[in-house]
Amino acid sequence: MNLHSSVKKKTVDSKSPYAISSFADLIYEQLLDKYVNQYKELVILCIGSDRSTGDALGPLVGYKLEPIISLYKDTYVLGTLEEPVHAKNLKEKIDYIYKNFSKPFVIAIDASLGRVDRIGYLNIKDGPLSPGLGVNKILPKIGNISITGIVNVGGVMEYVVLQNTRLSLVMKMAEIISKSIHVSLLKIIKSEEGKDIS
């Protein structure tokens with residue numbers, strides 16, 4: 001669980017009818033700029049817990065990506081509903097990534113809390129995220145780029161807020177993030193094959 005900060009991010013409203021194509025474009029730009037030709041393997045690290053509605057964004061994204069990720073060469077997903085990556089095992093999973101993957105590029109995904117008028121927004125930024133910040137936990141930073149979804153309002157009684165987050169909102173955001181990643185990876189493949197991706 002991340003706390004939405006004032007750091008400049010690229011953002012998309014999940015309520016927009018163009019949310020998937022817009023967010024896919026943002027992910028594609030980041031991957032094209034930072035991943036392609038510079039890293040050997042892509043690891044999508046989905047952080048969160050299946051025990052809290054508000055914190056389930058990461059595991060839901062992992063769950064939705066898991067069946068299709070094998071389509072992509074040297075691309076892996078960690079953190080699903082069955083095997084979530086959360087506060088208690090995050091350091092272990094980070095160690096696992098850097099011991100078992102060859103020069104990995106990590107996309108870190110987590111839920112976040114923010115202002116009431118930003119609920120439902122998806123953010124992508126260059127650099128790592130700080131999991132647990134939204135609930136005052138200090139956990140290792142992770143990610144070459146990070147994706148967060150603002151699932152509820154922050155500032156007061158964060159654990160209660162997370163437990164009372166609407167599942168429909170979290171599911172919708174997970175669907176947009178997973179489909180956007182899928183579309184952006186397809187565009188990377190097409191660009192590498194030299195095909196027209198417009």
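In this predicted model, the protein is built from five helices and seven strands. Along the sequence, these elements are arranged in the pattern β-β-α-β-α-β-α-β-β-β-α-α. The radius of gyration is 16 Å, close to the 16 Å that the globule rule gives for 198 residues, so the protein is as compact as a globular protein of that length. The C-alpha trace spans about 50 × 40 × 30 Å along its principal axes.

The interior and the surface were then examined. Of the 198 residues, 52% count as buried. Among contacts between residues at least 6 apart in sequence, 74% join residues at least 24 apart. The protein exposes about 9900 Å², and carbon and sulfur atoms supply 53% of this area.

Side chains of opposite charge can pair when their charged atoms come close. The structure holds eight salt bridges. One of them joins glutamate 175 to lysine 64, with the closest N and O atoms 2.6 Å apart. This pair links distant parts of the chain, since glutamate 175 belongs to helix 5 (residues 167-192) and lysine 64 to helix 2 (residues 57-65), 111 residues apart. Glutamate 175 has a relative accessibility of 28% and therefore counts as partly exposed. Lysine 64 is likewise partly exposed, its relative accessible area being 24%. Both residues also take part in a network of salt bridges that links Lys64, Glu175 and Lys179.

Another salt bridge is formed by aspartate 95 and lysine 91, whose closest N and O atoms lie 3.2 Å apart. Here both partners are found in helix 3 (residues 90-100), with a separation of four residues, or about one turn of the helix. Aspartate 95 is classed as partly exposed because its relative accessibility is 33%, a value between the limits of 20% and 50%. Lysine 91, by contrast, has a relative accessible area of 53% and is therefore exposed, the cut-off for this class being over 50%.

A further salt bridge connects aspartate 117 with arginine 115, and the closest N and O atoms of this pair are 3.0 Å apart. Aspartate 117 has a relative accessible area of 46%, so this residue is partly exposed.

Notes. Residues are numbered from 1 along each chain as its sequence is written. This is a predicted model: local features need pLDDT of at least 70, side-chain atom pairs count only at pLDDT 80 or more; totals for chains, interfaces and linings use all residues. Side-chain values use heavy atoms; hydrogens and water are left out. A salt bridge is a side-chain nitrogen of Lys or Arg within 4 Å of a carboxyl oxygen of Asp or Glu. Helices (H or I, at least four residues) and strands (E, at least two) are DSSP runs, numbered from the N terminus. Buried means under 20% relative accessible area, exposed over 50%, partly exposed in between (1.4 Å probe, protein chains only). The radius of gyration is taken over C-alpha atoms; the globule rule is 2.2 Å times the number of residues to the power 0.38. Contact means heavy atoms within 4.5 Å. Accessible areas come from the Shrake-Rupley method with a 1.4 Å probe; for residues, only the protein chains shown count as cover.
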